[in-house]
Structure formats: C-alpha cells, structure tokens
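Good morning, and thank you for coming. Please look at the sequence and the structure on the screen while I go through a few of its features.

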Amino acid sequence: MSGASSNSYSVAHKARQSRPIDPSEPLNISRVKGKTILITGGASGFGASFFRKWAAAGADVIIGDVDENKGESIVREVRIATDNEHHHFVRCDVTDWQSQVNFFKEATKLSSHGGIDAVVANAGILESNHTFNNPKNLDMLDPPKPDLSVIEVNLVGVLYTTHLALFYLPRNPGSEPAGSNSSQLKEDESPRDRHLLLIGSMASLYPIPLQTLYGTSKHGVLGLFRSLRSTAFTKGVRVNLICPYFVETGILTPRGRAVLTGATLAKIEDVVEAASRLMADSRINGRNLVVGPRIRVVETEEGEWQFSCEENATSTEVSLWEANTDDLENTDFFMRRIVGIMNAAHEMNGWIKWTKEIVRALLFTVKVPT
Ligand SMILES: NC(=O)c1ccc[n+]([C@@H]2O[C@H](COP(=O)([O-])OP(=O)(O)OC[C@H]3O[C@@H](n4cnc5c(N)ncnc54)[C@H](O)[C@@H]3O)[C@@H](O)[C@H]2O)c1
C-alpha cells in the first residue's frame with residue numbers, strides 16, 4: 001500500500017513516511033520561527049538563500065562553510081535585516097571530521113535554547129577536472145591516484161553531517177520524537193524539531209555525462225536517504241531530501257555554464273520553496289521533492305504529465321514533484337518477506353539447529369586468525 005492512500009500524517013511507531021506533499025497547498029513559512037537551523041555550505045548559493053528565507057521568517061540560523069569572507073559577510077547582512085543577533089558563522093570544512101564536530105558543538109553553545117532543531121547537509125562541489133573516467137598519460141609506470149575530492153565533500157562530508165545530526169538532534173531539549181505530534185500541527189506549536197534535510201540533485205536520479213563522481217556522490221545521498229528514513233525515525237529524527245535540477249549558483253563552472261547556455265534551468269526560489277516546505281512542517285518525513293525547471297503540463301486520465309503551453313487553458317505550471325514515494329513500502333514489503341522466510345526456516349529446522357548455528361557463528365569469529 002502506498003503512503004499516498006493514507007490521508008493522515010504518520011505516527012512514530014507505525015509509519016515512517018508521511019502522506020504525499022501537495023505543492024498547491026499554501027506554505028506556512030512562519031513555522032520555522034524559533035527553530036535553530038544548521039546549514040553546511042551556507043555562505044552562498046542554496047545555503048545562503050535558505051539562510052535569508054528562514055531567518056526572515058524568525059529562525060536562528062548557524063552556517064558552517066570554508067569560505068570565511070562570504071560566511072561572515074552574510075551573517076552581518078542577515079543580522080541587520082532581521083534585527084536578530086542569533087545568526088552565526090562557524091568555519092567548518094565538511095571533509096574534516098573534527099571541524100564538523102566543532103561546528104556542532106559550537107552551534108549547541110550558540111543556540112538560544114541550547115539545542116539544534118534542524119540540520120541541512122548542503123555543502124557540495126562539482127567535478128572540475130574530468131580525469132576520473134579519462135586517465136591521462138597512459139604510458140606512465142605508476143598510475144596517479146585519482147582526485148576524489150567530490151566524494152570527500154559531497155558524500156563523506158554528508159555522512160559526517162548526518163552522523164552528527166543523529167547524535168545532536170535527539171538531544172534537542174524540549175523536542176519530541178518526530179511524528180509524535182501526528183496530524184494536529186497547531187499554529188502555536190512548539191518550534192522544537194529533529195529534522196535532517198539532505199540535498200541531493202537530479203544527478204541522484206539520472207547520471208550526468210562527465211560528472212561521474214558527482215553523480216556517484218549524489219546517488220550515494222539518495223541511498224543514504226532511502227536507508228535512513230525508516231531507521232532514523234526510531235531516534236525520532238525525520239529525514240527528507242530535495243533533488244534540484246541545474247540552478248545558476250556559484251557551483252557551476254564556466255564550462256558547465258557554457259554547456260547549459262540556452263537551456264531552461266530550475267529557479268533558486270523553487271529550491272527554497274521545496275526546502276522550506278520540508279523544513280517548516282514537522283509532520284513531513286521520508287519525502288523526496290524534485291525541483292525542475294518550470295514547465296506547463298496537462299494531466300492525462302492515467303495521471304501522467306504531458307508537456308503543454310500557456311495557450312492551453314487546462315495546463316498548469318509545475319516545478320516541484322515527488323520521487324521515491326512508494327519504494328519505502330516496497331522495501332518494507334521485501335524485508336518482511338525475507339524475515340518471514342527466515343522465520344519459516346527456523347520453524348522447520350527447529351530451535352536446536354538454530355542454536356547450534358548461532359554457537360558455530362560465534363565460535364567462527366573467535367577462531368579467526370589475527
Ligand atoms: N546549483 C545547482 O545546479 C545544484 C543542483 C542540484 C544540487 N545542488 C547541490 O546543492 C548544494 C549547494 O550547492 P550550490 O549550488 O548552492 O553551490 P555553491 O557553490 O553556491 O555553494 C556551495 C557552498 O558549499 C561550500 N563548500 C564547498 N566545499 C566545502 C567544504 N569542504 N566544507 C564546507 N563548505 C564547503 C562553498 O564554500 C559554498 O559556500 C550542493 O550540495 C550541490 O551539489 C546544486
């Protein structure tokens with residue numbers, strides 16, 4: 001059964017995926033008010049836009065970035081614009097575990113309520129040299145080690161951020177496990193939350209030629225999201241993902257810009273809208289919003305989209321849609337079947353055989369030579 005069939009938001013111990021998001025529903029951005037939100041790579045691009053939007057709506061935002069000039073500068077700008085001193089920059093290199101630990105520790109100290117409500121694993125880079133799948137100097141005796149910095153930032157960095165989020169979010173004072181407030185989200189609800197927002201890409205879903213490592217890292221982020229969304233929920237942390245198409249930000253190299261000349265890109269305001277929906281509504285868990293270029297479509301009777309144009313009065317403009325909506329149920333179903341088969345095997349073999357196998361497995365680890 002798909003989450004789409006349920007009309008209410010999920011309850012912690014039952015479902016781990018909330019009902020589908022309806023992008024036509026008004027977004028109540030005021031629900032970020034009072035939250036302390038950490039953003040890695042918050043000094044420019046998406047991170048800076050999230051910062052401005054959520055700070056303007058009353059959140060306290062703490063950004064971590066390697067770019068100290070931009071980081072300090074945006075914090076000054078937003079403090080003045082919002083008349084709020086509770087925005088901070090902490091230097092953080094996401095590829096460095098200790099640097100991320102310091103970022104989270106420092107943020108906990110700086111937070112006006114001593115906790116962290118939400119974490120956005122946003123820092124990322126594109127591949128600038130394309131030597132991974134095109135090695136040079138084939139006559140060299142020793143092949144040079146490939147440059148895997150994209151994996152270091154976009155995947156290892158995100159794994160560090162995720163691990164730290166799973167450590168700090170459940171310790172957020174006054175927060176309840178995500179989902180326990182179920183369907184009734186009141187206007188005066190406590191802003192305390194436990195939210196991890198992952199930033200994937202269209203490259204999480206489709207490969208981009210010449211961006212092998214970038215695509216690998218973003219597929220990894222999708223894998224992380226899919227693996228986490230049921231298990232992280234047991235710690236009361238809700239996990240969501242956005243997968244944007246190309247957007248004009250600092251990440252695009254001159255070569256990338258040249259390739260994309262004339263192409264319709266996604267809009268940064270739509271990326272902010274997608275992230276804000278997931279950030280503001282603490283009932284949402286396990287959802288993946290894709291952000292594409294704005295296109296006009298008509299919906300067929302089968303529920304499929306067909307490209308259309310403004311002249312068609314029945315067409316609507318879309319830029320956000322959901323992906324990976326049903327696979328959580330499918331995975332659960334698959335796992336239930338596996339567990340069911342294992343249980344059946346236990347019953348057939350009997351507990352004595354099962355116990356012998358366990359003892360043998362334990363002894364095997366003991367006997368492994370050092
Ligand atoms: N712009 C796009 O077309 C696009 C599309 C899909 C996904 N994304 C993803 O969105 C995220 C943000 O990208 P953006 O477009 O805003 O790019 P951007 O270059 O404008 O911002 C990225 C930020 O990350 C910071 N950063 C880089 N390496 C870091 C490190 N080691 N430690 C800490 N900070 C570091 C940079 O200094 C920068 O401030 C990335 O994960 C990116 O992969 C971007």
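**The largest pocket and its surroundings**

Helix 1 supplies three residues to the lining of the largest pocket, the largest share. Helices (H or I, at least four residues) and strands (E, at least two) are DSSP runs here, numbered from the N terminus. Please note that this is a predicted model, in which local features need pLDDT of at least 70 and side-chain atom pairs count only at pLDDT 80 or more, while totals for chains, interfaces and linings use all residues. Residues are numbered from 1 along each chain as its sequence is written, and side-chain values use heavy atoms, with hydrogens and water left out.

What is the volume of the largest pocket? The volume is about 940 Å³. The centre of this pocket has Asn-122, Ala-123, Gly-124, Ile-125 and Ile-251 as the closest of its 39 lining residues. On a 1 Å grid over the protein atoms alone, a pocket is an open set of points where a 1.4 Å probe fits, with protein on both sides within 12 Å along at least five of seven lines; lining residues have an atom within 4 Å of a point. Grid points are joined across faces, edges and corners, and the volume is the space filled by probe spheres set on the points.

At least two lining residues come from each of helix 1 (45-56), strand 2 (60-65) and helix 5 (212-231). By class, 22 lining residues are nonpolar, 12 are polar and five are charged. Here Ala, Val, Leu, Ile, Met, Phe, Trp, Tyr, Cys and Pro count as nonpolar, Asp, Glu, Lys and Arg as charged, and the others, Gly among them, as polar.

Let us return to helix 1. Its 12 residues should span 16 Å at 1.5 Å a residue, and the end C-alpha atoms are 17 Å apart, which agrees. The expected span is 1.5 Å times one less than the number of residues. Among the buried residues of helix 1 are Gly-47, Ala-48 and Trp-54; buried means under 20% relative accessible area, exposed over 50%, and partly exposed in between (1.4 Å probe, protein chains only). Just after this helix, Gly-58 takes a positive phi of about 105°.

Next, the aromatic rings. A pair of aromatic rings is described by the distance of the centres and the angle of the planes. Rings of Phe, Tyr and Trp (its six-membered ring) pair if their centres lie within 6.5 Å; planes under 30 degrees apart count as stacked, over 60 as edge-to-face and the rest as tilted. The count comes to seven aromatic pairs by this rule. One of them joins Phe-46 and Phe-50, a tilted pair with 6.4 Å from centre to centre and 40° between the planes. Both residues lie in helix 1, four residues apart, about one turn of the helix, and both are buried. The pair of Tyr-245 and Phe-246 is edge-to-face, because the ring centres are 5.2 Å apart and the planes are at 70°. Tyr-245 counts as partly exposed at 24% relative accessibility, and Phe-246 likewise at 25%. The loop between strand 6 (238-244) and helix 6 (254-259) holds Tyr-245. Ring pairs also link Phe-103, Phe-104, Phe-167 and Tyr-168 into a cluster.

Finally, helix 7 (residues 268-280) is mostly covered, with 10 of its 13 residues buried.
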